[in-house]
Amino acid sequence: MFTPADHAFMAQALRLAEQGMYTTTPNPRVGCVIVKDGVVVGEGAHLKAGQPHAEVYALRQAGEQARGADVYVTLEPCSHHGRTPPCAEALVQTGVKRVIAAMQDPNPKVAGRGLARLAAQGIEVASGLMQAQALELNAGFVSRMTRGMPFVRTKIAASLDGRTALANGDSKWITGDAARQDVHHWRARSCAILTGVGTVLADDPRMNVRDLAYLKSSYGRQPLRIVIDSSLRISPDAKILHGGNALIVYSSNPYNKLGVLQQTGASLLEMPNDQGNVCLKSLLGVLAAREINEVMVEAGQGINGALLQHNLIDEFLFYYAPVLMGSAAKGMFEIPSLTDMQLRSQLQITELRQIGNDIRLRAKPVIATPET
């Protein structure tokens, strides 16, 4: 159905979409290429919510050459009025011949209507070309639109024997400079960074994005920094609360600290579960309602274990350092002791690469299918 040339032009559109990797939130990352007689005559990428979509930039560049041309776009053109006019209508008015989308838009306001609008006007349409790559690019947006939950990526730095901190809590630094620099790229693409009060008390981290050159052109966006702190043990002097854009999620206030913590500029959200802890699943639902697409978790074994037990992790990002720390050091996930090998959490490795002297391993949970 799709030719080698179709694949090449869609690959170019996907590379354009990556230009919005750190800046489009809460919108999806989208790229568009317009081709006339085998030659690219227009291209564009969506860069920021409220600014023109990728198709608009590409159409402007193509001008009159867009008439009768083929359009390759990484996400189905929108068909509704949002912050900007519908792109499907712009394509119709320009008189393009064919539109190929990598994937349909999961947004219920679109969900096939954009392609249907184009087809109704006699424009040839198709979708599914390099869909896996397009889904990967917008995993958070797709998750929010289809599940009402952000995409949760848990980052863990560990020794080769799976230890994340010494028994006394010391964890600086397990991995090297290159791995820690790589983490900032993942933070930058995330809408929020989530950690626990234990990590804050032990390390006093800032949990922000820094020391990356592209930030100069990323409109100064910093992810929302979220601290899970059931009983509000955090100090108002904690670095993570400095600079604004911080959220403390709690379940009780035994130390009467609401007032002093509010004075830091941080927002506070009470969200208890039946056990008196923070309800993580409800929190993720609230974050999705606030248009949070991707959440990066950088926490200790308690938060990691709770997320794992409730099947709330969509991707694991492990950084393994070539060191050993021994059985007394802290592990990755605090979960009840398993009594049956069938209870293991099975993962699928999706990427393995060396970062400096360390190894970065990406994996996703294997969804169990019922036996028939």
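A residue counts as buried when its relative accessible area is under 20%. With that cut-off in hand, I shall take you through this structure, which is a predicted model.

I begin with the aromatic residues. Phe9 has a relative accessibility of 14% and therefore counts as buried.

Phe318 is buried, at a relative accessible area of 5%. Both residues take part in a cluster in which ring pairs link Phe316, Phe318, Tyr320 and Phe333. The count for the model comes to four aromatic pairs.

Let me turn to strand S7, residues 192-196. Is this strand enclosed or open to the outside? Five of its five residues are buried, so S7 is largely enclosed by the rest of the structure. The burial applies to both faces: Ala192, Leu194 and Gly196 are buried on one side, and Ile193 and Thr195 on the other. Which strands pair with S7? Strand S8, residues 224-228, runs parallel to S7 and is joined to it by five bridges; within S8, Val227 is the bridge partner of Thr195. S11 also runs parallel to S7, over three bridges, and there Met296 is the bridge partner of Ile193.

Next, the backbone. Most residues other than glycine have a negative phi, and most peptide bonds are trans. Several places in this model depart from that pattern. The bond from Thr25 to Pro26 is cis, with omega near 5 degrees, and Pro26 sits in the loop between helix H1 (4-17) and strand S1 (31-36). The bond from Lys172 to Trp173 is also cis, with omega near -15 degrees. Trp173 occupies the loop between strand S6 (151-159) and helix H7 (177-189), and Arg180 lies over the face of its ring, at 4.5 Å from the ring centre.

As for positive phi values, Asp37 has one of about 55 degrees although it is not a glycine. Asp37 is located in the loop between S1 and strand S2 (39-45), and it is exposed, with a relative accessible area of 74%. Glu291 likewise has a positive phi, near 65 degrees. Its loop runs between helix H10 (280-289) and strand S11 (294-297), and Glu291 is partly exposed, at 37% relative accessible area.

Finally, I come to the second largest pocket, whose volume is about 1,100 Å³. It is lined by 38 residues, and those closest to its centre are Leu308, Asn311, Ser345, Pro365 and Val366. Which element gives the most to this lining? Helix H6 does, with four residues. Among the other elements that each supply at least two lining residues are S6, H10, helix H11 (301-309), strand S12 (315-321) and strand S14 (358-365). By class, the lining consists of 24 nonpolar, nine polar and five charged residues.

That concludes the presentation.

Technical notes: Residues numbered from 1 in each chain as written. Predicted model: local features only at pLDDT ≥ 70, side-chain atom pairs only at ≥ 80, totals over all residues. Heavy atoms only, no water. Buried < 20%, exposed > 50% of the residue type's maximum accessible area, 1.4 Å probe, protein only. Pairing = 2+ DSSP bridges. 1 Å grid on protein atoms, 1.4 Å probe; cavity = no way out; pocket = protein on both sides within 12 Å on 5 of 7 lines; lining within 4 Å. Points joined across faces, edges and corners; volume = space filled by probe spheres on them. Nonpolar A, V, L, I, M, F, W, Y, C, P; charged D, E, K, R; others polar. Phe/Tyr/Trp six-rings, centres within 6.5 Å; stacked < 30°, edge-to-face > 60°. Lys NZ or Arg CZ within 6 Å of the ring centre and 35° of its normal.
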